[in-house]
Amino acid sequence: MRIENLSPGIGSVVHDLDLSQPLSSELVSEVKALWLDRLIIVFRGQSISSEQYLSFAKQIGTPGTYPFLKGLEGYPTITPVLKKETEKVNFGGVWHTDTTYQAAPPMATMLYALELPPAGGDTLFSNQYAAFDTLSDGLKKSLKDLRVVCRSDKAAVSATRENRTSETGQNIVKEALIGIHPVIRTHPETGEKCLFVNRAHATAFDGWTEGESLSLLSFLFDHQTKEEFQCRHRWELGDLALWDNRCTLHYPVNDYFGHRRLLHRITLLGDKPY
């Protein structure tokens with residue numbers, strides 16, 4: 001396989017690797033090592049069925065279901081991520097890490113591009129190792145023992161789900177889901193520390209009011225999405241992206257009104273942050 005980096009610090013495109021067939025154990029190890037190093041990798045030029053997509057996902061981790069939307073018929077762990085031509089709001093259109101309102105958020109997300117606008121619809125990713133490393137020593141010390149409350153019903157992100165939940169909602173989530181996690185997370189595989197808050201779901205520090213938390217959280221939200229931490233992926237049909245939810249944020253750019261965009265998502269089960 002041939003590797004092309006999206007930016008110096010995060011993101012790579014993988015060429016000349018066919019995911020329609022199972023990978024050897026040696027190749028799976030190579031892919032995982034690249035993924036842990038680059039945080040987001042994109043396999044270009046794929047043509048795979050839902051069964052082949054799921055088989056590849058199982059070579060990387062254990063697929064899980066999304067609490068708010070039904071999956072594909074026969075494939076409950078594959079969730080369509082759709083924006084129709086007539087819709088103005090895109091699904092998940094806030095800087096975020098997926099479902100941090102869960103006690104054990106996903107370790108990874110995969111997206112497979114099936115329908116794209118003629119231009120636009122890119123996804124930005126941000127490196128949270130770098131976001132942590134560039135904080136002052138004083139702030140790192142202050143954040144060291146703090147925990148953050150993440151909720152599924154924060155207004156900014158709830159609005160981005162409304163079009164899809166009205167059509168294919170699970171109708172099983174009656175109350176807000178809440179996860180409480182360390183602000184500074186240790187990655188369970190690399191051992192490195194990263195900033196683990198996000199604008200979509202973080203509402204307050206544990207034991208603090210929302211008002212008391214607002215200024216510091218706002219600073220962290222702005223800091224963690226600085227351009228120098230980012231890469232930008234311009235989607236092509238057949239792209240399959242795999243990113244590490246434990247140490248990245250992502251943001252789908254909503255600049256393609258009047259055009260349809262459809263990707264299929266699989267999330268891989270993670271562990272409780274520490």
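This is a predicted model: local features need pLDDT of at least 70, side-chain atom pairs count only at pLDDT 80 or more; totals for chains, interfaces and linings use all residues.
I take helices (H or I, at least four residues) and strands (E, at least two) as DSSP runs, numbered from the N terminus. Residues are numbered from 1 along each chain as its sequence is written, and side-chain values use heavy atoms, with hydrogens and water left out.

**Entry 1. Helix α6 and its sheet**

I looked up helix α6 (residues 210-223), which lies across β8 and β12 and runs at about 120 degrees to β12. For such angles, axes are lines fitted to C-alpha atoms, for helices over the stretch in contact, and the values run from 0 to 180 degrees between N-to-C directions. Contact means heavy atoms within 4.5 Å.

I then traced the open sheet of three strands, which has the order β9-β8-β12 with antiparallel pairing. Its edge strands are β9 (178-182) and β12 (202-205), each of which pairs on one side only. The twist from one strand to the next averages 30 degrees. Two strands count as paired if DSSP finds at least two bridges between them. Five bridges in the antiparallel sense link strand β8 (residues 147-151) to β9, and I noted His181 in β9 as the bridge partner of Val148.

**Entry 2. The β13-β7-β15 sheet**

I found another open sheet, in which three strands stand in the order β13-β7-β15 with antiparallel pairing. β13 (230-233) and β15 (248-252) are at the edges with a single partner strand each, so one side of each is left without a neighbour in the sheet. Neighbouring strands here are turned by 20 degrees against each other on average, direction ignored. Strand β7 (residues 123-127) runs antiparallel to β15 and is joined to it by five bridges; Thr123 stands opposite Pro252 in β15.

Which residues of helix α2 (residues 50-60) are buried? I list Tyr53, Leu54, Phe56, Ala57 and Ile60. Seen down the axis of α2, these buried residues fall within an arc of 160 degrees, so they line one face of the helix. The arc is that of the directions from the helix axis to the C-beta atoms. Buried means under 20% relative accessible area, exposed over 50%, and partly exposed in between (1.4 Å probe, protein chains only). The cover over the buried residues of α2 includes α1 (25-38), β3 (40-43), β4 (63-64), β6 (108-115), β14 (240-244) and β16 (261-268).

β3 pairs with β2 in the parallel sense over three bridges, and Val13 stands opposite Val42.

**Entry 3. Positive phi**

Most residues other than glycine have a negative phi. I noted Asp16, with phi near 65 degrees, in the loop between β2 (12-15) and α1. I also noted Thr99, with phi near 45 degrees, in the loop between β5 (79-83) and β6. Are these two sites buried or exposed? Asp16 is exposed at 63% relative accessibility, whereas Thr99 is buried at 6%.

**Entry 4. Aromatic rings and charges**

I counted rings of Phe, Tyr and Trp (its six-membered ring) as paired if their centres lie within 6.5 Å, with planes under 30 degrees apart stacked, over 60 edge-to-face and the rest tilted. This rule gives eight aromatic pairs. Among them is the edge-to-face pair of Tyr66 and Phe91, at 6.1 Å centre to centre and 75 degrees between the planes. Tyr66 lies in the loop between β4 and β5 and Phe91 in the loop between β5 and β6, so the pair ties together parts that are 25 residues apart in sequence. Tyr66 is buried at 7% relative accessibility, and Phe91 is buried at 13%. Tyr66, Phe68, Phe91 and Tyr101 form one aromatic cluster.

A charge sits over a ring if NZ of Lys or CZ of Arg is within 6 Å of the ring centre and within 35 degrees of the ring normal. I found Lys83 over the face of Tyr256, at 4.3 Å from the ring centre, and Lys140 over the face of Phe132, at 4.8 Å.

**Entry 5. Asn254**

I located Asn254 in the loop between β15 and β16; it is partly exposed, at 32% relative accessible area. Neighbours within four places in sequence aside, Asn254 is in contact with Lys83, Lys88, Val89 and Asn90. The C-alpha atoms of Asn254 and Gly120 are 7.8 Å apart, across 134 residues of chain.
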